[in-house]
Every structure is written in C-alpha cells, then in structure tokens.
Amino acid sequence: MFTAKEISEINALLVPENNIVIVSHHNPDGDAIGSSLGLKHYLKTKGIEATVIVPNDFPKFLKWMPEAKKIVIGEYKRKVAGEAIYNADVIFCLDFNSPTRIGILGDWVTKAKAKKILIDHHQMPEQFDYVYSDTTIPATCQMVYHFIQANNDEKSVNLDIAQCLYTGIMTDTGGFRFRSTSASTHRIIADLIEKGADPAIITSNTWDTNTISRLHLLSLVLSRIELTKDGKVAILWLKRAELKEYGFDKGDTEGFVNYGLSVLGTKMAVFFMEDLYEDFIKISFRSKDAVDTNQFARKHFNGGGHINASGGKYFKSMEDTIEDFKEKVEAEEF
C-alpha cells in the first residue's frame, strides 16, 4: 500500500477542481473495467468527477456495469481521449505496469504533466509518481478496495462501487479459484456483498451471456484440444478464418484457455488465436501451482503477466507457433 505520507499527498490532489483521469490497459478485461469504474464511483462519493479512458473497446458482457457506457474508448474518440489526458491534473493508471500496455494512450500519458498514480498487481512496474504494486494480490479491484480502506472510507462503498469491484475480483480470480485468492480477498468480497453486490446477478450478467457464435467457436476449440508433455500441457487454437466464419465478437474467446487447464493431470494450458486484423498470434497461458507462465511468456513469446496467468505474441504461422511452443515447453521442468 502507499505510505501514510503518500496517501496524504494523493488526497491533497483529489479535489473537485482538479481534472482526474483513470486509464487502463489495451483489450480491457473485467479487472481493468471493474477497477476503473469502482475507483470512479468512489471518487464521486467525495464530490470528484473522473473520466475513465481505455485504449480500445471491451467485451459486451462488461457493459452492464454502472456507467460503463460513459467510458471513453481511445480508438473511437482519439481527440476526446487526448484532450482529457493533456488537461489532466491526476492520472490513475490501473491494472498495467508500463505505458506500453495502454496502446495509443501510452505516449499521451507519458508526456502528460499530470501526477501519475499506479495501482497494479503485475510484475516489474515502471516508474510513476506514486506506486502501489503488489504481485501477491489477485486483482487490481482488490487493491482499489485497499486504497479505500487506507482512507478509512469503507462506509462510503455503495452499490455501484461494490458491483464493479466484485466483478473485477471475480473475473481475475477465475471465480475465486486461482491460488492467489486469499482470506483477505474473501473478506473483501463479503463486505462487497453486504454493500449490495449480488453474486447471482453479477455472475449472470458477466458469464451467462453466451452467443451462438461463442458456443460454435468453443465447440470447435474443444473438438481438437491436444495434450503434450506427457499430458501435462493442453493446447487450444483458433485461426482468423474460423473467427470470421462464426461471426467472432470481442470477448467471445474469454476463458477458453481455462478449459485446457480443467483437463485431469494438466499443469499448463495455452490458447493460440490469430489476430483478426494483424499478422501475429495472440497467446494466453494458464497454469497451476508453481508453474511460472510469466517467465515462460517473457522468455519465449514476447509477453508476461502473472505466475499462473500470462499472455504473449508470436509472429509466425499457427503451425510454426504450435511447433515452437511444443519444443520450448518440453525443455521446461515441471
């Protein structure tokens, strides 16, 4: 957590007359959107309006959250996003560790004169004016709650804050099943439920939203799941032509990689997907126990993230990417 001195300095910046901007990473997920909106609603309880900006669009199943439709999407509203960042007095940087992770917003944020406040749980954070970084915490939403606690403002947590933070914690912990989920996580979840967050409604709004295109893609992926490394690693993949054939929409493949990790005996799962517009393979890694996908992704696949959940990119064909992966993962000890 920020030091007491830092909390005091940050709060001195959080006044209604200052322009506050909240930014999160490219391809925003539940934790990115939940933490950004949760913080926005918290600041509103203090009489402070904040503008949430993300580099590109986010899945429809996250747009039910309070004021999600007010988020400025950089790829659609470059001028609005650029001017907001340029005029900002404070920029909260949530759920990313480097300006390179925020796409078209990166240069603007780097050049902005605003004070930059990082709240993030990824490894190796870069330099910001104020940094709250903790890789042991499973979700940035949990860290936003800790920030509220540090201000002794738990009583200000209302329904809007509770719904947003619950969603981000739920999604980034894989439904509270990843090993970084702690007793503290569950205590916070209990408090959010007491503040009005309804687990059944949030789960339904976020996860029970399958489209026919998503189910067709999932059926295809599961029909050709492959095991390697003596059954310890599951491989799933989709090509661009298949995405187009089934009418892919952003977020349709969310969670596909977890099906690989659910296979009995697996320690790691990987999902390869050709980007819809550019010539690279987007990669999602998941693992169990001490199998470190972060180091593996950094070393071999231009990526990184957490020990048990990481991403990467590769600039070969699907066939060559899978073959290279098999060769590299066979050399790993687990």
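Helix α6 (residues 159-172) and helix α7 (residues 183-194) have axes that come within 9 Å and cross at roughly 145°. Here axes are lines fitted to C-alpha atoms, for helices over the stretch in contact, with angles from 0 to 180 degrees between N-to-C directions. The crossing of α6 and α7 is left-handed, a term for a near helix turned anticlockwise from the far one by less than a right angle. A162, L165, Y166 and I169 of α6 meet T185, I188, I189, L192 and I193 of α7, where contact means heavy atoms within 4.5 Å. By class, this contact has eight nonpolar, one polar and no charged residues. Ala, Val, Leu, Ile, Met, Phe, Trp, Tyr, Cys and Pro count as nonpolar, Asp, Glu, Lys and Arg as charged, and the others, Gly among them, as polar.

A word on the model itself: it is predicted, with local features needing pLDDT of at least 70, side-chain atom pairs counting only at pLDDT 80 or more, and totals for chains, interfaces and linings using all residues. Residues are numbered from 1 along each chain as its sequence is written, and side-chain values use heavy atoms, leaving out hydrogens and water. Helices (H or I, at least four residues) and strands (E, at least two) are DSSP runs, numbered from the N terminus.

Now to the strands. In β9 (residues 268-274), seven of seven residues are buried, that is, under 20% relative accessible area with a 1.4 Å probe and protein chains only; exposed is over 50%, and partly exposed lies in between. M268, V270, F272 and E274 cover one side of β9, while A269, F271 and M273 lie on the other. Strands pair if DSSP finds at least two bridges between them. β8 (residues 233-238) runs parallel to β9 with six bridges, and I235 has V270 as its partner. On the antiparallel side, seven bridges link β9 to β10 (residues 281-287), M268 being partnered by S287. β9 and β10 form a hairpin with six residues between them.

Finally, two loop residues other than glycine deserve a look. N27 has phi near 55° and sits between β1 (20-23) and α2 (30-45); N27 is partly exposed because its relative accessibility is 29%. D230 has a positive phi of about 55° and lies between β7 (226-228) and β8; its relative accessible area is 81%, so D230 counts as exposed.
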